[in-house]
Amino acid sequence: MTVTGIITALIVGLIVGALGRLVVPGRQSMPIWLHMLIGVGAALLGTVLARALGIATETAGVDWMELLVQVVLAAIAVALVSGVGRRRGVSRY
């Protein structure tokens, strides 16, 4: 993977993580780096899943179905991580 590929993955991860955060209702008190990490993971896993299901196609532009899979995975991950953090915070009191 080239430096350009890594930078692109980080930018796409940031966007996918932000979209995943917007999809989940309520307030998530998570740092931006965690959203970016979730977004990068969801983007990679979403690409693998979309290709395995035959959804991902080689297009000249944006593959919207693959992006949808990535955002859904990011939303699920954000909900799980913010829910775990919330439960842990409540148990302290």
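A residue counts as buried when its relative accessible area is under 20%, as exposed when that area is over 50%, and as partly exposed in between (1.4 Å probe, protein chains only). What you're looking at is a predicted model, where local features need pLDDT of at least 70, side-chain atom pairs count only at pLDDT 80 or more, and totals for chains, interfaces and linings use all residues. Residues are numbered from 1 along each chain as its sequence is written, and side-chain values use heavy atoms, with hydrogens and water left out.

**Overall layout**
- The chain has three helices and zero strands, with helices (H or I, at least four residues) and strands (E, at least two) taken as DSSP runs numbered from the N terminus.
- Start at the N terminus and you'll read the elements as α-α-α.
- Take the contacts (heavy atoms within 4.5 Å) with a separation of 6 or more: 63% of them join residues 24 or more positions apart.

**Inside**
- The largest nonpolar core is made of six residues, namely V24, M30, L34, I38, A75 and V78. Helices α2 (32-53) and α3 (64-91) are the elements that give two or more residues to it.
- A nonpolar core here is a set of buried Ala, Val, Leu, Ile, Met, Phe, Trp, Tyr and Cys residues joined through side-chain atoms within 4.5 Å.
- Leaving out residues up to four places away in sequence, I38 touches M30, A74, A77, V78 and V81.
- Q70 sits in helix α3 and counts as buried, at 7% relative accessibility.
- Beyond its neighbours within four places in sequence, Q70 is in contact with V16, A42, A43, G46 and T47.

- The accessible surface (Shrake-Rupley method, 1.4 Å probe; for residues, only the protein chains shown count as cover) comes to about 6,400 Å², and 73% of it belongs to carbon and sulfur atoms.
- I11 lies in helix α1 (residues 3-23) and is partly exposed, with a relative accessible area of 47%.

- The average pLDDT (the predictor's confidence in each residue, from 0 to 100) is 75, and 82% of the residues score at least 70.
- Confidence is highest in α2, at a mean of 82, and lowest in α3, at 73.
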